[in-house]
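Hi,

Here is the structure I promised to send over. Have a look at it first, and then read on for what turned up.

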Amino acid sequence: MSNFRLVWANLHRHPIRTYLTLLSVLVAFLLFGLLRTLAIWFAAGPAEGASADRLVVTGKYAIIDLLPISQRNAMLTVDGVEAVTHSTWFGGNYQDPSNFFAKFPVEPRAFFDMYPESVIDPVELDAFEQTRTGAVASADLMQRFGWQIGDKIPIEADIWPMRDGNRNWVFDLVGSYTSDVGSQGSTLLFHYDFFDEARGYAPGTIGWWTVRIADADRAPEVGNAIDALFENSQNPTKTGTEDEFGRAFAAQIGDIGLMATGILSAVFFTVLLLTGNTMAQALRERIPELAVLKTLGFGNNRVAWYVLGESVLMCTLGGLLGIGLAALLAPVANSFAQQFAPGAFGMSLPVAAAGVGVAALLGVVVGAVPAWSARRLTIADALRRR
């Protein structure tokens, strides 16, 4: 019998125990794959698709602070500023909270002028601009929900009730658009004027400004000039690149890296104890068998390697299965993730390789003590225990 077949056969002495332990390792590395991918994506994802000639102006102290729409005229006087438009986070639910996608009230023509990568039929853009309750949806949303132009899209508000207290907003779908940039994908856009007239509070305010500048190399200078305009006002601003804005927007959820590290630490500590107990119990049950192997000429080191190999094989196999499952599940979160930053949400090769490496290391740590005990075991002592 080959060494691998012997190790594999020993793992199947108690199949239920082995498979339950394998399942626990699988779940641990499924979480590892998803959480590490999420943490890395939140840290690096916003950079992809960001335009060098666009700046984003938000409240100085918090990204959620509303800004007065009257700031537009002052920003247009800054040297180097070519165009200004705005967006506001609307929130709300379509039919069910699980149907998540971004919703923004915008200025129809100014928005699509600002984002030329988002392409819309001119006729539909005209309809969007002329229809107060009009809305346009990204192509993937149209396909996802089976929407057709002319449909009415009901949205239940969570942040923005209407003046009469009603939270049921209804928009007329007048067009769709396509975009290769994640931050504009999976998004419903509707008319700011209608939103401003109908909302129950804070009229005349917006969430953030987007500014197009003539020279991307002057971005810091222009940004400082914009902030200087409102430094001593009731609504001071903070201007940064689209990349910085995407990171700040994503950071509202919290420190994803720290949370992922905390969760994974607890999970791996539990798995370490569980797997270590399983291997120790398996060693105790097999002491007479190990003595027989040594009697037949198997050396101490070879027996120790068999015990260590069982631990490494089980943990590595569980890690491979968990990482593989995480790679399959990662794209499911892509439509949600793209609302916070551009770029596809998917597992990278370094994360997968790190997962497999950690799985093998876990196997070594778990199996080290049982393997050392098996190596030191004498034939006489082992047979006496029987």
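Which side chain does Arg54 meet in a salt bridge at 2.7 Å, N to O? Keep in mind that this is a predicted model. The partner is Glu117. Arg54 sits in strand β1 (residues 54-59) and Glu117 in the loop between α4 (108-114) and β5 (118-120), so the pair ties together parts that are 63 residues apart in sequence. With a relative accessible area of 4%, Arg54 is buried, whereas Glu117 is partly exposed at 24%.

Arg54 also makes a salt bridge with Glu242, again listed at 2.7 Å, N to O. Glu242 belongs to helix α9 (residues 242-251), so this pair ties strand β1 to a part of the chain 188 residues away in sequence. Both Arg54 and Glu242 are buried. Taken together, Arg54, Glu117 and Glu242 form a salt-bridge network.

The structure has 12 salt bridges. Another of them joins Glu129 and Arg109, with the closest N and O atoms 2.9 Å apart. Here helix α5 (residues 122-130) is linked to helix α4, the two residues being 20 apart. Glu129 is partly exposed at 35%, and so is Arg109 at 30%.

On the surface, there's a nonpolar patch made of Ile16, Leu20, Leu23, Val27 and Leu31, with about 460 Å² of accessible area together. Val27 is in helix α2 (residues 15-44) and is partly exposed at 38%.

As for the whole chain, it has 15 helices and 12 strands, and 48% of its 386 residues are buried.

Cheers

Notes. Residues numbered from 1 in each chain as written. Predicted model: local features only at pLDDT ≥ 70, side-chain atom pairs only at ≥ 80, totals over all residues. Heavy atoms only, no water. Patch = residues over 30% accessible without salt bridge, like charges linked within 9 Å, V, L, I, M, F, W, Y side chains within 5 Å. Areas by Shrake-Rupley, 256 points an atom, 1.4 Å probe, with all protein chains shown as cover. Salt bridge = Lys/Arg side-chain N within 4 Å of Asp/Glu carboxyl O. Helix = DSSP H or I, 4+ residues; strand = E, 2+ residues; numbered from the N terminus. Buried < 20%, exposed > 50% of the residue type's maximum accessible area, 1.4 Å probe, protein only.
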